[in-house]
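Let's take a friendly walk through a protein structure, one part at a time. Have the picture ready and follow along.

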Amino acid sequence: MGLNELISALITGAGIGSMYGLTALGFYTTYAISRTVNFAQGSCLMLGAVLTFSMVNQSGLSAWIAIPLALMLCGLWSGLVELVAVRPFVKRHSDAWLMATVALGLILENIVLFTFGKDPRGMSSPLLQMGVDVGGLRISFLQILIPIVGFSIALGLALVMRLTKIGKALLAIAQNPSAAKLMGIHTEKTISLAFALAGVFACIAGIMIAPLYTVSAGMGTIFGIKAFAAAILGGIDSAAGVMAGGLVLGITEAILVTAFGSTYAQMFSFALTIVVLAIRPVGLFGRKGVNKI
Amino acid sequence: MNNKHVLNICMAASVLTTALIPSLGRAQDIKVGLVAALTGQSAQSGESISRGLTIAIDEINAKGGVLGGKKFVLVKRDDESSPPKGVTATRELISSEKVAALFGGIDTPVSLAIVPIANQNKKPFIGVWAAGTNITKNGATPNYVFRVSAQDDLVDIALIEYTMKKFNAKKPGLVLVNNPWGESNEKGLKAAAAAAGVTLAGVEKLEQSDVDVTPQLGRLKNAGADAIILVANAAPGAQMMKSRERMGWNVPVVSHWGISGGRFDELVGPTAGDVHFIQTYSFYSAPTPVSEKVFGELSKRYGVKTPADVIAPVGTANAYDAMNLLALAIEKAKSTDGEAIRAALEQLEGYQGLIKKYDKPFATAAHEALSPADYIMVRYDGGKIVPVK
């Protein structure tokens, strides 16, 4: 593999990996607070892309109106997932929310299938057409923007968690929900908010990936799986770790395809995830939890 | 028996007769099945095949049908491009709907899954799009699978020849979808390249879910590829074209026809027209009485104004001719029995179709109605398929 091929693989991998990371931030947000995740995160990514495409390309709405609307609707959907598929089970100390969130994702996918159709659609973006040439390689603005947005959100999230009162309240819920409640923190409302935020992150990922990919009811499945792999690989209890996990996965995939072709790339990248977890079960950047007795 | 009873019996008899007449009529019908992608990324292919079959069936029925007045009825099933769904639909069409024959859709993996069922149940299965070589060359004797479409091995020879001739390519690279259809073409293209004395720059595989194909294209570029030969359906093919555009690599692209089964032009954007791809028919061809008749029906029923408005034209053209050939075979066989239809198809004489004048289209060992002489090269131009000048 030459230098140009390596740089090209790094750029490609960084773009795709940031998408995984951005979607995986949703897993981090809810896990850090409630020790639960929304396995329908991939469906929420799809919902963001489908809503934006429908509003902009089919209804002729301005992107400046359509994107905030899509973000809001995805946030509401994700909040609803928490209300319907997570909270009732957590209250009964049941882990059935795992299956319930998957089921809601499938329901959403089928609703979109019947309303939007199964035909993949193409969403154009001026950011994809514009770009810069670096050493004979053309990089589109969208490819540059995706990692910037991903890491900015991860950084912002980490800062909010560590430095602000809201962030500390969120972490307090994670450590001891009962004590947090006694301290006046509205735990249920805060957990709903975390789920809504996770939905917004997935929506951003969906909107940004749509011009690079195709918009369809089934587009979220593979991203959801890979985003979860990225979250586990990076360490699900660290915002920066999750983003880094996404980058590692994306870049590994791109390098593997460049070096060996695409036939074995998927197999190798998931095998690598298993090997890393066998050696470091908390993920690359995760920290081992301390149980105080 | 009083008058009231007589009246009741008469009323019951009239109701029964009214109810029975349509079902007696239905019993006279000859059902033909279509198992194709009616939804999903290749939905346009299913729609175009349905149009061709429907126009042909309505014409045949308007002329009085076959076997002394029996009318054809088309029963469609959506395989969603999934082999298991295609198998389920085929079994249902054979056992429940009792179809006399089956038509297939765009997806080679689905058709390959249907082939053994057709042969086991002795039901003629006519492929009107999927080009996988093994669909017709399936090793069964007798073989109930026929095709009015292109065949991969022959398409592959045509693609290599066109790439060399049109773009003066010396070292083309292959980008193939990672499924049985891609594998079928890999063998064919390698054999065709070897026969033409061309060295391939490399063979790259494309997954349906690939977002970025830059790494695969980068490998081909570094291997010195001076043209790309693409074998994929619309969505993965579009991913390749978008990656090519992002790389700023203006390499010529010659493609098999899978890309024309969906919204390729919308998915790719401005560079969709850079791809030259193969077809078996274009409504831009010199008009004939048959083409004028079919185009007239397309205009009347589907609002088609110009030849460029015809969606996925090969689906309509292949299906139209295939349905007419089947009707001729049923008439010749004087039966809807699968074995008799197969034998009659193999003994058909001439037929003036939409694509060409068929002269003995099939024989016992030759189940392909079309040959490379029927292939043409086209490209997208503003969302419409036009011949390459």
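## Helices of chain A

To compare two helices, we use axes, which are lines fitted to C-alpha atoms over the stretch in contact, and the angle between their N-to-C directions can run from 0 to 180 degrees. Keep in mind that this is a predicted model. Now look at chain A, where helix α1 (residues 3-34) and helix α9 (residues 187-209) have axes that come within 8 Å and cross at roughly 175°. Angles over 145 degrees count as roughly antiparallel, so α1(A) and α9(A) are roughly antiparallel to each other. Sorted by class, their contact has 15 nonpolar residues and seven polar ones, with no charged residues.

Helix α9(A) also packs against helix α3 (residues 63-91) of chain A, this time at an angle of about 135° and with the axes 7 Å apart. That angle makes α3(A) oblique to α9(A). Their crossing is right-handed. In this contact you will find 16 nonpolar, five polar and three charged residues.

## The sheet of chain B

Next, turn to chain B. Here five strands form an open sheet with parallel pairing, in the order β2-β1-β3-β4-β5. Which strands are at the edges? They are β2 (72-78) and β5 (145-147) of chain B, each of which pairs on one side only. From one strand to the next, the twist averages 25°.

For a view of one pairing, find strand β3 (residues 101-104) and strand β4 (residues 125-127) of chain B, which run parallel and are joined by three bridges. Within this pair, Phe103(B) has Ile126(B) of β4(B) as its bridge partner.

## Helices on the sheet

Helices pack on this sheet too. Helix α2 (residues 43-62) of chain B lies across β1 (30-36), β2 and β3 of chain B, and runs at about 170° to β2(B). Helix α12 (residues 313-333) of chain B touches β1, β3 and β4 of chain B, and its direction makes about 165° with that of β3(B).

## Where the chains meet

Finally, see how the chains come together: 29 residues of chain B are in contact with 26 residues of chain A. On the chain B side, the elements giving two or more residues are β7 (202-206), α8 (214-222), α9 (234-247) and α10 (264-268) of chain B. Which element gives the most to this side? It is α8(B), with six residues.

What is the make-up of the side of chain B that touches chain A? Its residues divide into eight nonpolar, twelve polar and nine charged.

Notes: Residues are numbered from 1 along each chain as its sequence is written. Chains are lettered from A and ligands numbered from 1 in the order in which they are written. This is a predicted model: local features need pLDDT of at least 70, side-chain atom pairs count only at pLDDT 80 or more; totals for chains, interfaces and linings use all residues. Helices (H or I, at least four residues) and strands (E, at least two) are DSSP runs, numbered from the N terminus. Angles under 35 degrees count as roughly parallel, over 145 as roughly antiparallel, 65 to 115 as roughly perpendicular and the rest as oblique. Ala, Val, Leu, Ile, Met, Phe, Trp, Tyr, Cys and Pro count as nonpolar, Asp, Glu, Lys and Arg as charged, and the others, Gly among them, as polar. Two residues are in contact if their C-beta atoms, placed from the backbone, lie within 7 Å. A crossing is left-handed if the near helix is turned anticlockwise from the far one by less than a right angle, and right-handed if clockwise. Two strands pair if DSSP finds at least two bridges between them.
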